[in-house]
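User: I am new to this structure and would like to learn how to read it. Could you take me through it feature by feature?

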Amino acid sequence: MQLVRYADTVLKTRGVNHRVGTFRYKDLGEGIPGTPGNFFLRMVWSEADFFSPRHLHNFDQVRVQIEGNFNFSADGVMKPGTIGYFPEGTAYGPQTSQDDTVQLVMQIGGTSGNGYISEAQRIEAVDQLCKTGHFSEGRYFARDSTDRKGMDGFQAAWEQAQGKKMIYPSRRFQKPILMNPGAIGWTTLPGIPGVERRPLWNFGTRTVGADAYNAQPGSTHTVAGPASCFVEQGTGRVESAGVKDTFSAFDVIHLTAGESATLTPAETARLLILLHPVF
């Protein structure tokens, strides 16, 4: 078990960015670079100057809107409480914001097995690309290229980091899924008093899935890995393999395959469980 305390993490400001606008974030956990299931979880603050062109990924992405609104053009608007699933191979956007926003964002390897490059790799790749070109409006323009359209900024960083051309996965979904969890009823769990489940989505073991739980004080709920448990609200105790600790709002509990953790809330706790893909 890895417990990441939100209050103890450092707020960072991204320097040269492959997108447009002010971008601050807190690192809330990452996986093992070079593996198909590598991931990066962060809390992101964006301001009204943010812009990202219409693009697609070779990895899965989950967004949880905490504050403000994000507009994804014809794909919809994420308002506070919205959870979005942006599957690999599915184009979305352009993405804009007319106010300051806060989002929880997970980027994680999807069913294609391409994985996700680490943040350190991305930073190094962007630094190197700035020596041979520039980023503008979310796209990269090489100095010696005659292509006026440029290349998607993340694709350019990925190709620089991996040393090969990116081949996008086949599209499985026509559009990203923007979900209003409040429209899904809670279901009780037999034999587990005081805990309710709100199923969100599960599209197979090689993709990221999501469930929400509502746990009353004194109840116990066990989470099995591989998964990341984001505490939306509440405090309490957590125990895994004999190790005991406490959790608070916005903390994250990461569990690898074969690990589990039992949470005992001291007050009503809302938990978002992001189920990692299994390869």
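User: Where in the secondary structure is Val252 found, and is Val252 buried or exposed?

Analyst: Strands (E, at least two residues) and helices (H or I, at least four) are DSSP runs, numbered from the N terminus. Val252 is found in strand β23, which covers residues 252-255. Buried means under 20% relative accessible area, exposed over 50%, and partly exposed in between, with a 1.4 Å probe and protein chains only. Val252 is buried, because its relative accessible area is 0%. Please keep in mind that this is a predicted model, in which local features need pLDDT of at least 70 and side-chain atom pairs count only at pLDDT 80 or more, while totals for chains, interfaces and linings use all residues. Residues are numbered from 1 along each chain as its sequence is written, and side-chain values use heavy atoms, with hydrogens and water left out.

User: Which residues is Val252 in contact with, leaving aside its neighbours within four places in sequence?

Analyst: Contact means heavy atoms within 4.5 Å. With those neighbours left aside, Val252 is in contact with Gln2, Leu3, Val4, Leu28, Leu41, Ser228, Cys229 and Phe230. By contrast, His57 is 195 residues away from Val252 along the chain, and the C-alpha atoms of the two are separated by 25 Å.

User: How many helices and strands does the protein chain have, and how compact is the chain?

Analyst: The secondary structure of the chain comes to two helices and 25 strands. The radius of gyration is taken over C-alpha atoms, and the globule rule is 2.2 Å times the number of residues to the power 0.38. For this chain the radius of gyration is 19 Å, close to the 19 Å that the rule gives for 279 residues, so the chain is as compact as a globular protein of that length. Of its 279 residues, 49% count as buried.

User: Which residues of the largest nonpolar core touch the most other members?

Analyst: A nonpolar core is a set of buried Ala, Val, Leu, Ile, Met, Phe, Trp, Tyr and Cys residues joined through side-chain atoms within 4.5 Å. The largest one has 26 residues, of which Leu28, Met43, Val62, Met106, Leu200 and Trp201 touch the most other members. Among the elements that give two or more residues to this core are β4 (39-46) and β11 (101-108). A second, separate core of 18 residues includes Leu189, Phe247, Ala261 and Leu271.

User: Which residues lie nearest the centre of the second largest pocket, and how is its lining made up by class?

Analyst: On a 1 Å grid over the protein atoms alone, a pocket is an open set of points where a 1.4 Å probe fits, with protein on both sides within 12 Å along at least five of seven lines, and lining residues have an atom within 4 Å of a point. The second largest pocket is lined by 19 residues, and Val64, Gly81, Ile83, Glu232 and Arg270 lie nearest its centre. By class, its lining has 11 nonpolar, five polar and three charged residues; here Ala, Val, Leu, Ile, Met, Phe, Trp, Tyr, Cys and Pro count as nonpolar, Asp, Glu, Lys and Arg as charged, and the others, Gly among them, as polar.

User: What is the value of phi for Ala241, and is Ala241 buried or exposed?

Analyst: Phi of Ala241 is near 50°, a positive value in a residue other than glycine. Ala241 is found in the loop between β21 (236-240) and β22 (243-247), and Ala241 is exposed, with a relative accessible area of 82%.
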